[in-house]
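Colleague: I am new to this structure and would like to learn how to read it. Could you take me through a few features, one at a time?

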Amino acid sequence: LADLTPEERVGRAMGTNNVFGDIGGGLGPLLSLPLVEADAVGFEFVYGASAVVPMVAGAVLVVGIYVHTGRVSPTISESVRSGSD
């Protein structure tokens, strides 16, 4: 995230990343543990979802970067240029 964020927006981007990380770290156990204990979905499903969700998020990130910049691995200057269109 920091590599693709213009310097004047790094603080805001890192703050957003921290907030979503805190929300996920708090809600994950609150939602998954009762489901596993009640045998509502089972441990295997929650374990599988824990592997699939980050992969889907990574794919969404790569597609979003490509749509925004036209490259899978852009540099900061390319990100700044495409953001100022």
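Colleague: What volume does the second largest pocket have?

Modeller: Keep in mind that this is a predicted model. The second largest pocket has a volume of about 220 Å³.

Colleague: Which residues line the second largest pocket?

Modeller: The lining consists of G28, L31, S32, L35, V41, F45, V46, A49, S50, V53 and P54. Sorted by type, eight of the lining residues are nonpolar, three are polar and none is charged.

Colleague: Which helices supply at least two residues each of that lining?

Modeller: Those are α1 (10-37) and α2 (43-69). The largest share, six residues, comes from α2.

Colleague: Which residues does the UniProt annotation "transmembrane region" cover?

Modeller: According to the unreviewed UniProt entry, it covers residues 45-67. In the model, that stretch is 100% helix and 0% strand, with its end C-alpha atoms 32 Å apart.

Colleague: How many helices and strands does the protein chain have?

Modeller: There are three helices and zero strands, in the order α-α-α from the N terminus.

Colleague: What percentage of the residues count as buried?

Modeller: Buried here means under 20% relative accessible area. Of the 85 residues of the protein chain, 12% count as buried. The chain exposes about 6600 Å², with 66% of it supplied by carbon and sulfur atoms.

Terms used
Residues numbered from 1 in each chain as written. Predicted model: local features only at pLDDT ≥ 70, side-chain atom pairs only at ≥ 80, totals over all residues. Heavy atoms only, no water. 1 Å grid on protein atoms, 1.4 Å probe; cavity = no way out; pocket = protein on both sides within 12 Å on 5 of 7 lines; lining within 4 Å. Points joined across faces, edges and corners; volume = space filled by probe spheres on them. Helix = DSSP H or I, 4+ residues; strand = E, 2+ residues; numbered from the N terminus. Nonpolar A, V, L, I, M, F, W, Y, C, P; charged D, E, K, R; others polar. UniProt positions renumbered as here; feature names shortened; annotations may be inferred. Buried < 20%, exposed > 50% of the residue type's maximum accessible area, 1.4 Å probe, protein only. Areas by Shrake-Rupley, 256 points an atom, 1.4 Å probe, with all protein chains shown as cover.
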